[in-house]
Structures are given as structure tokens and as C-alpha cells.
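Have the viewer open and follow along.

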Amino acid sequence: MDLERLSPRNQVKKESWWTVLTLAYQSLGVVYGDLATSPLYVYKSTFAEDIQHSETNEEIFGVLSLIFWTLTLIPLVKYVFIVLRADDNGEGGTFALYSLLCRHARISSLPNFQLADEDLSEYKKTSGDNPRNLKAKGWSLKNTLEKHKVLQNMLLVLALIGTCMVIGDGVLTPAISVFSAVSGLELSMSKQQHQYVEVPVVCAILILLFSLQHYGTHRLGFLFAPIVLAWLLCISTIGVYNIFHWNPHVYKALSPYYIYKFLKKTGTRGWMSLGGILLCITGSEAMFADLGHFTQLSIQIAFTFAVYPSLILAYMGQAAYLSKHHVLESDYRIGFYVSVPEKIRWPVLAIAILAAVVGSQAIITGTFSIIKQCTSLGCFPKVKIVHTSSKMHGQIYIPEINWTLMLLCLAVTVGFRDTKHISNASGLAVITVMLVTTCLMSLVIVLCWRKSSLYALAFIFFFGTIESLYFSASLIKFLEGAWVPLALSFIFLLIMYVWHYGTVMRYEFDVQNKVSINWLLTLFGSSNLGIVRVRGIGVINTELVSGIPAIFSHFITNLPAFHQVVVFLCVKSVPVPHVKPEERFLVGRVGPKEYRLYRCIARYGYRDVHKDDVEFEQDLICSIAEFIRSDKAFDESPDRENETGSNERLTVVAASSSNLEGVQIYEDDGEQSEVTEAQAPSPRAKKRVRFVLPESSRIDRSAEEELTELTEAREAGMAFIMGHSYVRAKSGSSVMKKMAINFGYDFLRRNSRGPCYGLSTPHASTLEVGMVYIV
């Protein structure tokens, strides 16, 4: 073993206004692609059937007024100025709100939570919390949520519903965006030609879009912002031209008085048309969901000074044109392209298709991201996650989800063949996600921000009333397309909840059947059992954070031998977006020091990128080596029993890639191994492993021997012992539980991936131990 010295390095990171403006520009392509393309289909969807455009212009002006105030109240006031402030250490989205609530009240759905997780730097709660404030504001609500398991399950289901609707939006948004953009061809060909051309062109574009996903958006991402910016300039310029050319007084329609006149004249038909009007805010949730890629200020600047005024001008321009064109020759009637001057329709059509593709790309990437979050929090089966960029955080690709989305998107396009039914479906998905955000935000205001319940009630009453009105208008069109997101959400919700339920039941079985430390000590102390130790490192995969998993006893029973170094490894997620590399590992001993048994808990946030197997193995071995080096200092600290009552003591150890002041590992496969007097040259190349200690390190003799043995074990190789489980419900269980466990969970488990860090582990180094779980 080579012991060398390593000096630390420091890096300084600075941000400036130029950085903020650059992020604001980049956010145009990632965040606002969907929202920016909404003028393509809002007016057409609104006037599809329920109301007609008359000579008085009361309908078109009323719709414009509703669009203006909806854009102002929901995206601008609610999201930009309120919801964006509810970030989870810079991250946003439905799970960010749920994560915040889990940290401020013990309602987490993660079964293997530890008190040590609360020491993570990103686990911080609201500053200035003290018992008095808790009792005064939010204390009773917190206690109520913690005492009633039913309320916790309802909160989890609410978060999952919002997530499922986002996935449904990932199916519907590409269809309606591309369909609306391509529909401009109708003005350039006959109706007979158009009906045979439009759907095949849309399907071809969608197939191409999904087929290119595995390349990653970083390869074409630099084009996204210029495309959306060009589109915003295009629709705002056309809007200004139409305003001054056709009706300069259209600005009067921004008065809410026109909403009153519109609803009074149209009545029930006007209320039903709200399902089309709400499409003007589709994509608003992306401002919050994609917060982790940018900053709060950059998103606020981009929307307030670029997206919002461009959209208002675009809608005003369309209204100004339509107010002077009550009878249109084409059946296309009230659409976007009729208000575009004929000389520039083809260039605008090209830009619109590109903008629709960008908007679709954003929602597809967002769907990948939210599936990954669900997987991390144990609410979705394990899937293959491919990181398409080594530089851009969050650039991932999930093959199974990508092809599923493509098939569903094509089915919706071919099945409906028009934007009317697709818009009805998309509208319900959009407004449901917003309602979920409003409900979760009301809890965040009380539990996390420590505000009075009156603020939460005012928030949910004001925005909830508006969104409930739109929700009812969308739900009434259930048979006209709105059933699609409900059906998709039900299927995904069933998958998520069954997987989560089965995961929790399986963990509870592990806890109840774990082996005691005394059994392990007896095993080591007895010389009559014939247990032998072999060279190498045995890594036993387990979900337990304390105790000996039952899988280990099954392994010893079937094969009475185990490795000279045994590591009980638990890779778990915690309710924070990111875990710093210096806080990644919790390492401790299992049993006496001479047994060489270690417990290592690797903690990841729900947005963290898991390293590949080689890097993870090196970090794992380094964390154990660093624990061995600093074990004496840890022993001098006071005992702290964990919440399970075990006397195991765990210490935080940084990953080797971030801890330049800790132990580093270097491995190489030399052509020749070292030759000593007692050892003949080996014909095969031998892996050389050496640890590099920090410059100021001082270790005693026993620690050096332990490091030497760890080095020898690493050179001999690593074996991964994983459980191949069969989960069954108890004989006396209810019919619902038997169906959920024996059929639902078992089917999902058999068709899901294994642990993320073991996907590329060589089969020769993997040993599966079969075990039946009776839950």
C-alpha cells in the first residue's frame, strides 16, 4: 500500500447580472416553448362550438379580456411572484413542494428515514423556527398531519395526481402544439388535400421528435432560445401590425367589464368555452418545474419583460383582426394563421413548427425529469435512466418512457384528428396540475413560511376559485376528449401507488425479519460451523439502515463462506433535491473492529445524478478508507444511538471526488505485478490499488493494518450480493391487498430494472439470493 500526501484545492464561483440575463435568455427555449405557442390554438379552441363570433364583437372582446386577466393572475401573480418563492433549495415542481412539507412535518413516504438525514445542509427549515412560533402558527396543522396516516396518504396521492397529470400533458402537448402549427397548411391547399396531408405530416414530425430524444437536448439546445425568441418577436410584431391596421381601440377590451358582458350574453355556452380559454396558460407550470435549471430572478425577468408582453400583443392583434372579419371564407374560421398577412404566412408557418417542436421537447424532457423524481422517492418502478450530457445537469433520457409517450401521442393524434378534442384533454390536464399546486402551496404557506392560516385561506380561495371554474368547464367536456388525461392519470397513479405500497410493505418485512447483532457475533465466535472467509470485498445490497438483513443469513445458510471484507450497502433517497458529495456517505462498523464488517449508507436527493458503477465503487471504497483513518477521532465523540435503538455509530464521510483533503484511491491494471521473494511472477496482470492519504494525516498501527487489508481485498475484486425476491401477501389478507401485491407489485417488480449502481455489474461478480417476502 502506498501512502502519499495530497494538498487541498479551492474553487471560487461568482455570479453577476450578466449571468442572470444569460440564464433569462436561455430559459426562453427551455421553459417557455409551450406557453409561447399557445396563441396557435386558443381562439380556435374557444370558438370551436360553444359560442359564435357575432357582429357586436362582444364575444371576441370578452374572450380577449378573459385571456388577459387569466395570463395576469395565474402565470404572473401566482407563479412569478408567489409560487417561485416556494423553492426547495433552488428546485421547483410538485415534488419540491411535497419535499418541503415532508421536512417541516413528519409525513415523509420514505420508509428508511434517519435522524441523521436532518443534519444535511439542504435539509434546512425556515430560519428562525422556535417552539413558540410553531405553537402560534402551524402547530395544530402539523400535529394533525403527523397523527393521521390517512391524511398523509391523501397528501401523497394529491402529489401523485399532479405528477400523473404532468405525464399526461407530456402526451397531449406535443400533439396539440405540432397539430396547431401544421394546420396552417389549410390556408394554402384545398380541404380535400388538407385532410389527407395534415395528420401524416403531424405524425411524421412527432416520430422524428421522439426518435431524436436519445441524442439529448444539449446537442441542439443552443437553437432553442433563438427559435422561441424569434417566435415571440414574430407574434408580437404581427400583433402590433394588426392592432394599428385593423382596430386601434382593441385595448379597451382589457377591461374586466367585457368579461361581465361576455358571460351575461353567452351564459352556459360562455362557461363551457372557458375550457379553450385556459389553454392560454398551458406551460405555466414549467416556470416552477424547471426552476432548478435556472434561477428565480432569471425566470421572472424572462416572463415579465419578454413572454408576457409578447403574448398579450399577440392575442390583442388576433382580436383586432377578427373584430373586422366576421365572415371568413375558409372553414378554418377563427385561427391564428388567418390574422397573419398572406405574404409572410410560409415563413411564419416554418417558425411556428420549429417553436412547437421546442415546446414539445421541453414537456418531454420535463416528463423524464419527473419520472426520475418519482423513482428516487420510491413511487415509480426502476427504469433505465441515461444521462445524455456530462456537463448539463438534468439532461436525461428514459427509453421506456420515451417510446410509451410516442405511442400514446400518435394514438391521440390519429384517434382525434383535430385540435378540438385534443385541446379539451390538454386543458383538463393543465388545470388539474395548477389546482394541485394551489393546494400544496396553501400548506407550504402555513407549515414552511410560518404565516397565518388566513393567508393560506386567502390564497386557496382566490386562486382555487378561478382554477375550479376552469376545471369545471373542462370536466364538462368529458366525452369530448377530457377523458384522455383522466384515463392516463388513473393508469399511472395506479402504477405509482401500487409500487409505493409494495415497497413500503417489503421494507417493513425486512425490518421485522432482520438478524440481530448477537447472531452475527455467535456466528463469528463459533469454530464448529465451518464458516470460512475468502479474499475480496462482498457488497450486500439492502434497504435497511440498521441491523443485519435476512438476505445475509440466507446467503450464509446456502454458502457457508463470505468475504474478508463485508459491506452492507444501502443506497437511499432523502427528501431534498441534492445531497452534497461531502455529505454523501454514512459509514460505520457492524460488530467488533476485527470482523471487518461495515455499513455504508449512500444518500441521494431526488434530483441527484447517480454515478456510474466504476465511480461509485471507488467512492464506496474511499469512504470506508476515510472512515478507518478518522475512526479514532470519531470514537472520542459522545455516543449517539440512532432511532432504531441500535448501538451502531455512523459518521458522515465525503465522496472521494469532492473530498480532496481525505483519502484518495488510485487503481491501475499494470502489465506486471510486484514480485517479492515469497511470490513468483504472475502470468496475468494484477490490479494495483493504492490509497493516498492527506498531508496532515496521522494513523495508528491498527488503522494501517485495516487499510492494508482493505487494499488487498479490493485488489482481489468485489462481489455484489443482491436479493431476488418473491413478494406475496399473507393468507389472511384482503382481496385488494392480494391483488395489489401478488399481481400488481409482482408484475411491476419483475419488469423493472435493478439497483441503479448495479446495472453494468459483471454477471460473474454478481450473486443473487432468492427470498420470499410474506407481507
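Glu 626 sits in helix H23, which spans residues 613-629. Is this glutamate buried or exposed? Its relative accessibility is 10%, and because buried means under 20%, Glu 626 counts as buried. Please keep in mind that you are looking at a predicted model. Now find Val 587, which lies 39 residues from Glu 626 along the chain. The C-alpha atoms of Glu 626 and Val 587 are separated by 9.3 Å.

Next, turn to helix H18, residues 419-447, where you will find Thr 437. Thr 437 has a relative accessibility of 2%, so this threonine is buried too. Which residues does Thr 437 touch, once those up to four places away in sequence are set aside? They are Lys 78, Tyr 79, Val 83, Leu 97 and Glu 285.

Contacts that reach across the sequence also show up in the chain as a whole. Taking contacts between residues at least 6 apart in sequence, 83% join residues at least 24 apart.

Now let's look at a pair of helices. Helix H20 (residues 483-512) packs with helix H26 (residues 735-750) at an angle of about 100°, and their axes are 9 Å apart. An angle of 65 to 115 degrees counts as roughly perpendicular, so that is how H20 stands to H26. On the H20 side, the contact is made by Ile 495, Val 498, Trp 499, Tyr 501, Gly 502, Thr 503, Met 505 and Arg 506. H26 brings Lys 737, Ala 740, Ile 741, Gly 744, Tyr 745, Leu 748 and Arg 749. Sorted by type, the residues of this contact are nine nonpolar, three polar and three charged.

What about the cysteines? A disulfide is a covalent bond between the sulfur atoms of two cysteines. How many disulfides does a search of the whole structure find? The search finds zero. Take Cys 448 as an example: the closest cysteine sulfur to its own is in Cys 102, 9.7 Å away, which is too far for a bond. Cys 448 is buried, with a relative accessible area of 2%. Cys 622 is likewise buried, and its relative accessible area is 2%.

The chain has 775 residues, of which 55% are buried, and it contains 26 helices and eleven strands. Its accessible surface comes to about 34,100 Å², with 59% belonging to carbon and sulfur atoms.

Notes: Residues are numbered from 1 along each chain as its sequence is written. This is a predicted model: local features need pLDDT of at least 70, side-chain atom pairs count only at pLDDT 80 or more; totals for chains, interfaces and linings use all residues. Side-chain values use heavy atoms; hydrogens and water are left out. Helices (H or I, at least four residues) and strands (E, at least two) are DSSP runs, numbered from the N terminus. Buried means under 20% relative accessible area, exposed over 50%, partly exposed in between (1.4 Å probe, protein chains only). Contact means heavy atoms within 4.5 Å. Accessible areas come from the Shrake-Rupley method with a 1.4 Å probe; for residues, only the protein chains shown count as cover. Axes are lines fitted to C-alpha atoms, for helices over the stretch in contact, and angles run from 0 to 180 degrees between N-to-C directions. Angles under 35 degrees count as roughly parallel, over 145 as roughly antiparallel, 65 to 115 as roughly perpendicular and the rest as oblique. Ala, Val, Leu, Ile, Met, Phe, Trp, Tyr, Cys and Pro count as nonpolar, Asp, Glu, Lys and Arg as charged, and the others, Gly among them, as polar. A disulfide is a pair of cysteine sulfur atoms within 2.5 Å.
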